[in-house]
Amino acid sequence: MKSKIKFFVYVSLTLTAFITFALLPNASATPLALWEEGVNDAQFVSQTVPLSMVAGQTYEVSVTMKNIGTSTWSKGAGYKLGSQNPQDNLTWGLNRVNIASSQAISPGKSTTFKFLVTAPSQTGLFNFQWQMLREGKGGTSTVFFGQLSTNVEVNVIGAGGGSDDAQFIAQTVPTPLKVNLSATASITLKNIGTTTWASDKGYRLGTQNPPLNSLWGLSTVALPKAVTPGETVTFTFTFTAPAIPGTYNFQWQMMKEGTGFFGAITPNFLINVTDIGGANDARFISQTAPTTVVIGQTFGITIRMRNMGTTTWTLQNGYKLASQNPPDNLIWGVSRVNLPVTVGEGEETTFVFNIRAPLTVGTYNLQWQMIQEGVGYFGEMSSNLAINVTSTPPADEEGFGNNLSVPNIFAEGYGITGLPTIQDTGMRPRPEEGTVTLPYFDMNHIYINNGTIFYPQQNPSVWRATIADGDLLNGEHVVVNWSDNLLNTRWTPRQVIRVETVLYKNLLPAMTAYTMGHLYGQGTTEMWGADVTTYESLYKTVFSVNARLKIEKLDGPGGNPIPKAPCGFNGAVYEKFGLDGSGGYGAEVNVSGSTVYGFNWQLNQCTATQTQKLGWWRLTFTLDPIASYTLGGINYSVPRNAFLDALDPGDLAGTFFRPQLISNSTTILEIEITAKGGGK
């Protein structure tokens, strides 16, 4: 993977939220100060400081530094934390912070300075930055040393309040509607002012066109939560169509009771209200499905329909979703989908189900319609999708790469580029992306899913879950998980077989993860995204630089390897470090934000006979005792620090194939290549 990281930032965009940085240092640092006890040097680890403060108020902050020199820090020896930007400034009411009297910070240890600061009395942006120092005996001389903390520009606002402003983000509104029926809409706005919106302060969403009209049965909508500057909020609410057919305006704006409306008005939406509708009627609302799939691929789709008739849909009365174009076709393996819930007049339902691509390359129609068994089809059909079915996935496109959403542990303390994690983890953001703070969410690249804003993978937005080095004392004891496609697919010689393995732990301590959602597509068109929320996860992936994959042809199931058989493979992750291009065994962050080992076994391109490709093959995943490689003229020799404790429970329920755990460093999976693939 080409991506390289220089620093990691976690931001929660609220007025009182804290920002946490974890900076991975460059090879260079500030000049070292040499003392009689040894060399003074410091690495910045993290800090917490509010992004916004009220003038004159007091806040607790913290700065964590690591001693990477050879001297021991203590209060008695004159070691302190000092303000910078400018040096020794009193912007925050103090310029020096002592080490606790009881502490002695020896080389390799870290210490956290927790202290109170007072916001300046003036409003504006003020720098917050610190560095280690040592005062000479008697306070006659002071020398700053080591890395500076990342500079934070803190927004200091007036105690008397600020300005109200709002930005329109998105809305979802159903149309048409039947008279007197209720429906659900959602409107998303962003607080771009300097005040916090709160219900008890009179903040509401109000109707417009005309102001505070009650056309839809209500004129205001309450805030679902307090919204601080920089935050977005989604109002999801139920409204009722007018009793008289016609076309009506649907438009809204933020307001503060006693003050008035403010900010952007939502785009005006014209809703057609009608009294038309027979016993059975349906309106097509939306669908999700990929545009390109691989032959035989199973994937999920969604179709959303609204009941526009006067009957209630129930499964007992024969209401289902049926394939069309042509009617009742089995192109995608199914022709009927059961109704998931009872659907009354004006209500909506979403059919979520799996279909399977045809086994022949071509372009096929995908279209559906409601049906009542014994009565017939009714209502609107879904939009016709012409899906391209191919024999192989399209070539990979790097784009912006994938963001890490699942916490990751680097077992040996080395990243997926082979360098020590203190230099480069190999994850986003890349240096050329120019991202200064994390997370960085680009509002020009969003995806609306059920009224929620998602930031898709592989775009300018950048976020990253917590990362950490492994336990060098006890080692990292992990569970092995082979990919589902290997266990549940019969493969043919004409395919590219994706071999993926994940090492993971599901234990304390919890680490911060990003909530991810599947947005659209499957396989090569699959796209996931983050909705900007985080959670504390016990599950975390583990990366080891010592991983190796070996693929061998066998003389039968459970048999012996055939010497010099074509189409095999033998490669280690560390053998690919520093190389550009495909062909080797490597690790990457996948579309759902997890760290995985991956290899495209291009059996279809191997110059061997059909007979030589058919039969049983053994895939061996192992952790080499030593990873030896050279990068930038430096030789590395890294002992393994990961140990395979168990197989993932789901692996033992594979449809066709089941892996085995051979030792704490080796697991194998035997698969069969058949002429037709498909079923067992």
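Buried means under 20% relative accessible area, exposed over 50%, and partly exposed in between, with a 1.4 Å probe and protein chains only. The legends below describe a predicted model, in which local features need pLDDT of at least 70, side-chain atom pairs count only at pLDDT 80 or more, and totals for chains, interfaces and linings use all residues. Residues are numbered from 1 along each chain as its sequence is written, and side-chain values use heavy atoms, with hydrogens and water left out.

**View 1. Arg 283 in strand β26.** Arg 283 counts as partly exposed because its relative accessibility is 22%. The strand that holds Arg 283 covers residues 282–288; strands (E, at least two residues) and helices (H or I, at least four) are DSSP runs numbered from the N terminus. From C-alpha to C-alpha, Arg 283 lies 9.7 Å from Leu 177, although 106 residues separate the two in sequence.

**View 2. The aromatic pair of Trp 216 and Tyr 248.** The whole structure contains 33 aromatic pairs. Rings of Phe, Tyr and Trp (its six-membered ring) pair if their centres lie within 6.5 Å; planes under 30 degrees apart count as stacked, over 60 as edge-to-face and the rest as tilted. Trp 216 and Tyr 248 pair edge-to-face, at 6.0 Å centre to centre and 75° between the planes. This pair links distant parts of the chain, 32 residues apart: Trp 216 sits in the loop between β20 (203–208) and β21 (220–222), and Tyr 248 in strand β23 (residues 246–256). Trp 216 is buried at 1% relative accessible area, and Tyr 248 is buried at 17%.

View 3. Lys 80 counts as buried because its relative accessible area is 18%. The side chains of Lys 80 and Glu 135 are joined by a polar contact of 3.2 Å (a pair of N or O atoms within 3.5 Å; within protein, one must be able to donate a hydrogen and the other to accept it, and residues adjacent in sequence count only if both atoms are side-chain atoms). Beyond four places in sequence, the contacts (heavy atoms within 4.5 Å) of Lys 80 include Arg 96, Val 97, Asn 98 and Gln 131.

**View 4. Residues 1–36, where pLDDT stays under 50.** pLDDT is the predictor's confidence in each residue, from 0 to 100. The model has 133 contacts beyond four places in sequence for residues 1–36. Where pLDDT is low, the predicted coordinates should not be read in detail.
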